[in-house]
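Here is a short report on one protein chain. Look at the fold on screen as you read.

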Amino acid sequence: MIQEYLGQIDELLTTNSAVNDVAIVRRSIRDTDTEKVLNYRYRVTLADGSLVEMTERVLEAQGIFEVTRYRHHWQDADGHLIKRWDNAPHHPTVDTFPHHLHDGAENSVVSHPPITGFEVLQRILVEVETQMSQRREQP
């Protein structure tokens, strides 16, 4: 399951025209008799100059696939936060605690259900592709 998941992420990163560069900061799989644990951190530069930093810990045990920790940070070319999805337990008042979204600013925290790096990447790439397409259509 973990290998298939990584394959989905890698395919999206290598086939999408909105992706300019991918740096694999960390990518390891610990495989024991009872579980596999994936830890990865990618830095992805997009065609619009924005940067996505994806960090995730994934557990595969007894046929169950679970993302146990994540932080997916998207910032514009000037370094300003666009969105960050994470499950760090520092916003206990959010009804989806510990899962939440920083939307446009560090202090703009909203509820958000759990999400995988693959899902975040899909959403971001659709948004960037749409913006790029709209710019090409403008006179």
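## A strand pair to start with

His102 stands opposite Val109 in β7. The model is a predicted one. Find that pair first, then widen the view. His100 is also placed opposite a residue of β7, namely Ser111. Three bridges join β6 to β7, and the two strands run antiparallel. Five residues lie between the strands of this hairpin, where Gly104 has a positive phi near 90°.

His100 has a partner in another strand too. Asp86 stands opposite His100 in β6. Four bridges link β5 with β6, again in antiparallel fashion. The loop between β5 (81-86) and β6 (100-103) holds Pro98. Phe97 and Pro98 are joined by a cis peptide bond, with omega about 5°.

## The whole sheet

Now step back. Seven strands make an open sheet, and their order is β1-β2-β3-β4-β5-β6-β7. The pairing is antiparallel. Strands of a sheet pair through backbone hydrogen bonds, and the pairing can be parallel or antiparallel.

Which strands stand at the edges? They are β1 and β7 (109-111). Each has a single partner strand, so one side of each lacks a neighbour in the sheet. From one strand to the next, the twist averages 15°.

## The strand β3 and its partners

Take β3 next. Nine of its eleven residues are buried, so β3 is largely enclosed by the rest of the structure. Eleven bridges join β2 to β3. Eleven bridges also join β3 to β4. Both pairs run antiparallel.

Met54 in β3 has Tyr42 opposite. In β4, the bridge partner of Met54 is His72.

The hairpin of β2 and β3 has four residues between its strands. There, Gly49 takes a positive phi near 90°. The hairpin of β3 and β4 has two residues between its strands.

Gln62 sits in the loop between β3 and β4. Its phi is near 50°, a positive value in a residue other than glycine. Is Gln62 buried or exposed? Gln62 is exposed, with a relative accessible area of 79%.

Helix α1 covers residues 2-15, which makes 14 residues. From first C-alpha to last, α1 reaches 20 Å, close to the 20 Å expected at 1.5 Å a residue. Its buried residues are Ile2, Tyr5, Leu6, Ile9, Leu12 and Leu13. Why do they share one side of α1? They cover an arc of only 125° around the axis, which puts them on the same side. An α-helix has 3.6 residues a turn, so residues three or four places apart point the same way.

The other side of α1 looks outward. Glu4, Glu11, Thr14 and Thr15 are exposed there. The buried residues of α1 pack against β1 (19-31), β2 (35-46), β3 (51-61), β4 (64-75) and α2 (117-137).

## Helices on the sheet

How do the helices lie on the sheet? Recall that three bridges join β6 to β7 at one end of the strand order. Helix α1 packs on the sheet and touches β1, β2, β3 and β4. Its direction makes about 5° with that of β2. Helix α2 packs on the sheet as well, touching β1, β2, β3, β4 and β5. The direction of α2 makes about 35° with that of β4.

## The nonpolar core

In soluble globular proteins, nonpolar side chains tend to be buried together. Here the largest nonpolar core has 29 residues. Which members touch the most other members? They are Ile9 and Leu46. Two or more residues come from each of α1, β2, β3, β4 and α2. The largest share, seven residues, comes from α2.

Zoom in on Leu46. Leaving aside residues up to four places away in sequence, Leu46 touches Ala18, Val19, Asn20, Val52, Trp74, Ile124, Leu125 and Val128.

Key:
Residues numbered from 1 in each chain as written. Predicted model: local features only at pLDDT ≥ 70, side-chain atom pairs only at ≥ 80, totals over all residues. Heavy atoms only, no water. Expected span 1.5 Å × (residues − 1). Buried < 20%, exposed > 50% of the residue type's maximum accessible area, 1.4 Å probe, protein only. Arc of directions from axis to C-beta. Contact = heavy atoms within 4.5 Å. Pairing = 2+ DSSP bridges. Axes fitted to C-alpha atoms, helices over the stretch in contact; angles between N-to-C directions. Core = buried A, V, L, I, M, F, W, Y, C linked by side-chain atoms within 4.5 Å.
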